[in-house]
Amino acid sequence: MISATHTFPRGFKWGSATAAHQVEGHAQNSDWAQWETLPGKIKENGSAAVACDWWGGRWREDFDRAAADGQTTHRLSVDWSRIEPRPAVWDDEALDHYRQMVSGLRERGIEPMVTLHHFTNPLWLVEKGGWENPAVVSHFERFARKVVSVLGDHVDWWCTINEMNVYAYNSYAEGIWPPGKKDIRLCFTAIRHMLMAHAAAYRAIHELQPHARVGVAPNILLFDPARPDFALDARVASFQARSFYEAIPQALHTGKLLFPVGGWRERLPGVAGTMDFFGVNYYGRRLTAFDLNHPGTLFGRTFHSAEAEVDNMGLNELYPEGLFRVIKWAAGFGKPIAITENGWGDNDEGRRTRAMLGHVRQLWRAVNFNLPVQAYFYWSLVDNFEWERGWTQRFGLYELDLETQARTPRAAAKLYAEICKSNTLTAEMAARYAPEVVPAMFPG
Ligand code: GAL
């Protein structure tokens with residue numbers, strides 16, 4: 001009996017992703033550390049308190065596991081509030097801590113990608129108006145320069161800002177993240193400043209490190225028309241897609257920021273051509289129906305279809321084909337692509353392994369269509385603090401026991417290790433980990 005083997009190109013990079021605040025613990029100086037102490041902000045009163053204790057040194061054991069599992073890259077972030085606790089005052093111990101972490105990755109044969117901003121801000125920056133104040137652009141540039149000058153011996157792959165769209169939306173439109181504001185105009189202002197800060201950092205990084213690869217990682221949430229034959233659904237869905245994510249790579253490509261909503265059009269000087277790679281964070285899709293009762297979401301009601309398979313919290317639809325579609329779209333910007341995040345947060349282990357098989361299969365399809373995707377970072381290596389969801393949604397390859405800090409591999413960790421080590425996905429793996437998917441994935 002022949003077993004089908006999906007082979008990835010030699011040198012394809014397999015890894016996992018984490019973010020400072022979600023794994024480190026012991027943070028004091030950031031807006032999130034403060035926000036978590038306010039009642040009602042985090043599900044079940046969770047907090048990142050000790051988290052995965054990376055600040056206490058447990059990154060070592062997690063990196064050991066990643067290396068033993070065949071991962072060859074890891075995306076991590078640095079916490080601005082630790083490195084620059086006061087304006088232009090640098091904490092050498094914190095910088096040294098990060099230096100040890102990135103050299104620790106190299107020692108284990110793992111290439112680091114470092115994200116400079118992953119949702120959290122120093123309190124001094126917040127006092128100056130955070131991302132609402134245009135001064136943030138030069139503050140971020142100064143911070144980027146410092147980080148690159150200290151970590152640059154070990155790192156040349158940089159993601160400036162993670163999911164500027166999710167950050168701006170949750171912090172300034174929905175108000176569920178700090179600073180908790182609800183004003184769509186501030187949401188656009190924040191994105192505008194993030195694009196400019198990215199561009200300033202892009203130039204600074206290249207000045208210090210001409211060979212650096214610098215990109216961003218927006219969240220690409222697909223919006224599909226609920227009734228494909230109803231023109232208004234398609235129109236509103238495309239409006240949402242353009243406003244939520246398409247505007248970001250377009251601005252970095254052309255220098256023009258176009259938000260269909262509010263008719264925001266602007267040329268941002270120095271922003272064009274500041275993307276060496278396109279980082280894609282993909283978790284699923286929503287359906288959109290035109291609905292006059294939903295002005296806040298551009299007259300589109302978004303939901304999951306009745307047939308959709310969703311996680312136990314009802315947040316994300318398991319829609320692996322979307323990963324292929326997103327890669328195909330991203331390729332239109334003419335840059336190499338890295339899947340900077342993709343994963344599945346659920347309490348159903350069967351669905352977690354099915355999700356992995358489905359997404360990796362679509363990744364393979366993309367690679368075989370010659371789409372320039374070069375790396376895949378699974379979110380996440382170990383269960384970590386999921387922002388307003390606290391510890392109620394678990395994404396880890398490794399399960400974390402918060403009481404004891406013990407890590408236990410999930411079935412998905414074992415499957416992922418097989419994929420990483422062999423650089424393949426096989427029908428035989430699918431049969432062992434999720435036999436129910438075999439007839440559809442490998443018919444015949
Ligand atoms: C992304 C975010 C990560 C993580 C992930 C899973 O939006 O960048 O920090 O929380 O979602 O929910």
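Helix H7 (residues 136–151) packs with H9 at an angle of about 30°, their axes lying 8 Å apart, and the crossing of the two is right-handed. The model is a predicted one, in which local features need pLDDT of at least 70, side-chain atom pairs count only at pLDDT 80 or more, and totals for chains, interfaces and linings use all residues. Residues are numbered from 1 along each chain as its sequence is written, and side-chain values use heavy atoms, with hydrogens and water left out.

**Helix packing**

- Helices (H or I, at least four residues) and strands (E, at least two) are DSSP runs numbered from the N terminus; axes are lines fitted to C-alpha atoms, for helices over the stretch in contact, and angles run from 0 to 180 degrees between N-to-C directions.
- A crossing counts as right-handed if the near helix is turned clockwise from the far one by less than a right angle, and as left-handed if anticlockwise.
- The contact (heavy atoms within 4.5 Å) involves residues of H7 including Phe 140, Ala 144 and Val 148, and residues of H9 including Ala 197, Ala 200 and Ala 204.
- By class, this contact has 12 nonpolar, two polar and three charged residues, where Ala, Val, Leu, Ile, Met, Phe, Trp, Tyr, Cys and Pro are nonpolar, Asp, Glu, Lys and Arg charged, and the others, Gly among them, polar.

**Pockets**

- A pocket is an open set of points on a 1 Å grid over the protein atoms alone, where a 1.4 Å probe fits, with protein on both sides within 12 Å along at least five of seven lines, and lining residues have an atom within 4 Å of a point.
- The largest pocket has a volume of about 1200 Å³, the volume being the space filled by probe spheres set on the points, which are joined across faces, edges and corners.
- Its lining holds 43 residues, with Val 166, Tyr 169, Asn 170, Leu 221 and Phe 244 nearest the centre, and divides into 21 nonpolar, 15 polar and seven charged.
- The second largest pocket holds about 280 Å³ of space, and H12 gives the largest share of its lining, six residues.

**Backbone features**

- Pro 178 and Pro 179 are joined by a cis peptide bond with omega about 10°, and Pro 179 is placed in the loop between H8 and H9.
- The peptide bond from Trp 379 to Ser 380 is also cis, with omega near 10°.
- Ala 51 has a positive phi near 50° and is buried, at a relative accessible area of 2% (buried means under 20%, with a 1.4 Å probe and protein chains only).

Note on methods. Buried < 20%, exposed > 50% of the residue type's maximum accessible area, 1.4 Å probe, protein only.
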